[in-house]
Amino acid sequence: MFETTYPQLIGLCTGTLLLTSALMVWRHSMLASIRLLAVQGFALAALVAVIGVQKGEVEVILVAVLVLLVKGLGLPWVLAHESKATTRTDEAPRLNPTASLLTVALLTILAYVVSSRVLARDTSISAHAAPIGLAMVLIGFLLLVTRRQARSQLIGFLVLDNGIATVAFLTSGGVPLVLELGISLDVLLVVMILYVFAGRMHNKFGNTDIDQLRKLHD
Amino acid sequence: MSQSLSFALWTPLALPVLFALLSLTVPSPRVRRLGPIASSLAVLGSGVILDVAVLNDQVPTFGGLLRADALSAYLLTVVGAIGLVATWGGLGGNGHSQTPARWAGSYDGLISVFLAAMSLAVVADNIGLMWASIEATTITTAFLVGAHRTGKSLEASWKYVILGSVGVAIALLGILLIYAASRATGEATLSWLVLSQPGLPLDPALVRAGGALAVLGFATKAGLAPMHSWLPDAHSQAPAPVSGLMSGVLLAVALYAILRVQAITDAVIGPDFLRAMLSVAGLLSLFVAAALLIRQRDFKRMLAYSSIEHMGLMAIGAAVGAAALPAVLLYMLGHGLVKATLFVVSGRILEVEGTPTIANVRALLVRRPGLAIPWLVAMAALVGFPPFSIFFSEVGIILAGWSAGMGVVVGIALVLLLVIFASLTRLTVALTIGSPHDALDHTPPTLPEHATGEATARTGHPTAPGDESEADRAATNLSRLEVEAGIDGAGAPEPFPMTSNIRVAAPFPDTVAVPVVDVVIAPDRSTHGPLLPLVLALATCAVVPFIANPVGVLLVRAAAVLGGAH
């Protein structure tokens with residue numbers, strides 16, 4: 001039973017991951033991005049759980065719970081909690097929606113081309129889905145480069161990080177639990193620090209537009 | 001015996017964390033500021049113990065995750081030594097006075113945690129753990145860079161955290177690909193000891209992609225071009241001891257991570273791939289440093305670009321491979337010590353002069369020999385004069401590159417080094433040498449702030465004992481403004497009045513052509529902070545290259561670790 005649904009479940013989870021990433025590029029409002037991020041966190045946790053059940057390893061299922069707590073609930077909660085305090089400035093990205101969605105499509109194709117070379121030897125079902133993770137990394141970069149608001153850049157960073165986690169789970173079944181804990185803690189702290197800085201920026205300049213960070217140069 | 005020394009593996013992690021907690025809880029600022037120094041001493045002491053262990057052919061391990069071979073032990077010593085110079089030398093100033101009172105202990109606490117994270121990065125036998133601790137340094141230094149809480153420091157710390165964490169995220173992707181490749185050994189592992197064995201059946205395509213991404217990510221942290229753009233901003237805005245720590249310790253440890261990854265990939269796909277990558281990054285770094293040093297105006301940014309230059313040359317050394325590695329490792333120590341010294345002195349100059357612009361300082365040798373002389377000696381070491389170890393490292397790398405058939409790369413590097421040498425010399429001359437009358441024309445923008453201190457000193461009121469910097473500032477203003485009134489530096493520790501002529505003090509009589517008579521300049525001989533750490537750092541840097549045993553032996557063994565000897 002599970003053997004037949006396993007490929008479909010993997011496909012469903014990775015499909016959700018890619019879809020939410022693409023939607024984040026499309027939507028400009030901060031609140032929508034945070035909700036999509038929460039959905040993405042749940043999809044990632046589900047993916048890890050599916051891999052864990054298929055392998056029959058308790059440790060991987062524990063990692064799935066950890067991912068759910070940090071990426072599905074913790075981070076979106078921190079982001080939403082902080083965002084309420086400040087004014088809701090919508091993003092005016094450097095690329096219009098059509099161009100950015102087209103870029104997403106190109107990046108996804110690029111991810112498949114690159115993965116077909118790197119992962120040529122691996123023929124497992126999960127390895128076939130690994131290009132999605134790489135595509136998410138590239139989409140995260142796209143968000144980082146094209147967004148002007150400090151907090152939207154943060155969303156890009158988190159998509160990038162989710163992409164890396166997806167690659168990790170699909171190619172090697174995840175890292176040891178100790179390491180996963182360390183990585184999750186690091187990401188959580190980086191996000192909090194960036195949030196503190198975004199808050200200071202808001203206090204100092206009245207907005208969080210990173211285009212004004214141009215004082216230091218040679 | 002091996003087990004009895006393994007305590008030295010966890011002391012550099014546990015003790016700094018303990019001192020960090022003490023820094024947060026102890027109310028007295030004087031005691032609190034000793035925390036980072038104690039942490040550095042703990043790291044240095046553990047490093048020396050491990051050095052002794054590895055020289056006696058032992059490899060201490062602890063709990064399966066920590067392991068000290070010759071390379072780890074040496075790097076731990078480097079971290080401790082540079083940390084000691086930066087934290088002890090940083091005692092004098094009040095570089096983080098703008099921190100709100102409720103966060104006052106966090107500055108010292110974060111420095112201790114930073115040192116613990118760096119120690120963990122070098123003694124971890126797990127690439128993943130090494131990654132996590134390098135990422136942890138981004139977290140600890142983020143607030144340290146932004147400690148001044150100005151708009152500029154906010155900008156610097158934002159850029160630093162974004163670029164730094166994205167960089168190490170790329171490194172994580174690379175490490176995970178190497179981890180995926182390691183499944184071919186039977187059990188997936190991140191132990192660097194297992195992975196760097198020769199002849200493992202790893203998938204070359206995965207290792208190539210993983211190695212490239214990991215090196216790219218750690219190169220961001222090491223400040224190699226073209227991912228260097230955070231470095232000048234962060235180094236120029238951070239408080240001076242933090243700049244010294246980042247430049248001396250963080251960049252070196254990031255390069256250490258590159259060397260470890262290189263050892264893994266070289267065993268699978270041969271050295272050519274990363275050699276090309278590191279050569280390009282190294283030359284590009286040298287080029288960026290040369291291009292931006294020519295027109296540099298800020299002395300802290302000058303030091304930052306010099307760090308990019310030295311990291312570039314170290315990357316070229318790493319590209320050359322085994323023959324150049326002892327020189328690269330010695331380079332890490334020499335550059336770290338000298339750069340920590342220079343950043344500490346730059347912090348003191350910034351504090352007493354109130355400006356980071358070279359053109360607004362000038363004539364430091366005449367006005368403040370106490371700061372200018374350490375600066376000049378350290379700059380001589382930095383640009384590569386013998387007997388300081390940087391000279392021997394640079395020569396070692398260039399000779400090894402030449403005999404390894406990389407003549408073109410080291411040739412270009414030499415030309416760029418000459419350009420950098422000329423720029424640094426010109427900027428140092430502009431900062432230190434010259435007539436003080438030029439300096440008097442440039443009234444620094446912060447003078448009005450110190451008007452009260454000046455008034456106190458002028459009326460002869462004794463300044464409060466704990467208020468040394470205020471007294472120094474007063475002395476500055478006296479030597480600067482009250483020249484014609486004939487008042488000697490009341491607040492200076494060594495009053496040095498000269499009533500006849502400036503020519504007596506100026507070491508270059510021909511430069512003082514201005515006929516100024518009856519001018520009093522009291523040269524400020526105060527070093528504005530502890531002098532001993534600076535002297536120790538420069539003396540170590542000058543003596544170390546001449547000690548064949550045990551330093552030379554340790555360097556050769558550490559380099560051999562990367563070549564496959566365990």
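Start in chain B of this predicted model by selecting residues 204-222, helix α9, together with residues 240-269, helix α11. Their axes sit 9 Å apart and the two helices pack at an angle of about 170 degrees.

Now show the side chains where the pair meets. On α9(B), look for residues including Pro204(B), Val207(B), Phe218(B) and Ala222(B). On α11(B), the contact includes Leu250(B), Ala254(B), Ile258(B) and Ile269(B). Colour the whole contact by residue type, and you get 17 nonpolar residues, two polar and two charged.

Next, hop over to chain A and show it as a cartoon. You'll see seven helices and zero strands. Its C-alpha trace spans about 55 × 35 × 35 Å along the principal axes. Among contacts in chain A with a separation of 6 or more, 74% join residues 24 or more positions apart.

To finish, zoom in on Met24(A), which lies in helix α1, residues 2-26 of chain A. Is Met24(A) buried or exposed? It counts as buried, because it has 28 C-beta neighbours inside 10 Å, and 20 or more is enough for that label. Leaving aside residues up to four places away in sequence, select what Met24(A) touches: Ser33(A), Leu36(A), Leu143(A), Ile155(A) and Val159(A). Then try a distance: the C-alpha atoms of Met24(A) and Leu37(A) are separated by 8.1 Å, with the two residues 13 apart along the chain.

Methods. Residues numbered from 1 in each chain as written. Chains lettered and ligands numbered in written order. Predicted model: local features only at pLDDT ≥ 70, side-chain atom pairs only at ≥ 80, totals over all residues. Axes fitted to C-alpha atoms, helices over the stretch in contact; angles between N-to-C directions. Helix = DSSP H or I, 4+ residues; strand = E, 2+ residues; numbered from the N terminus. Contact = placed C-beta atoms within 7 Å. Nonpolar A, V, L, I, M, F, W, Y, C, P; charged D, E, K, R; others polar. Buried ≥ 20, exposed ≤ 12 C-beta atoms within 10 Å, placed from the backbone.
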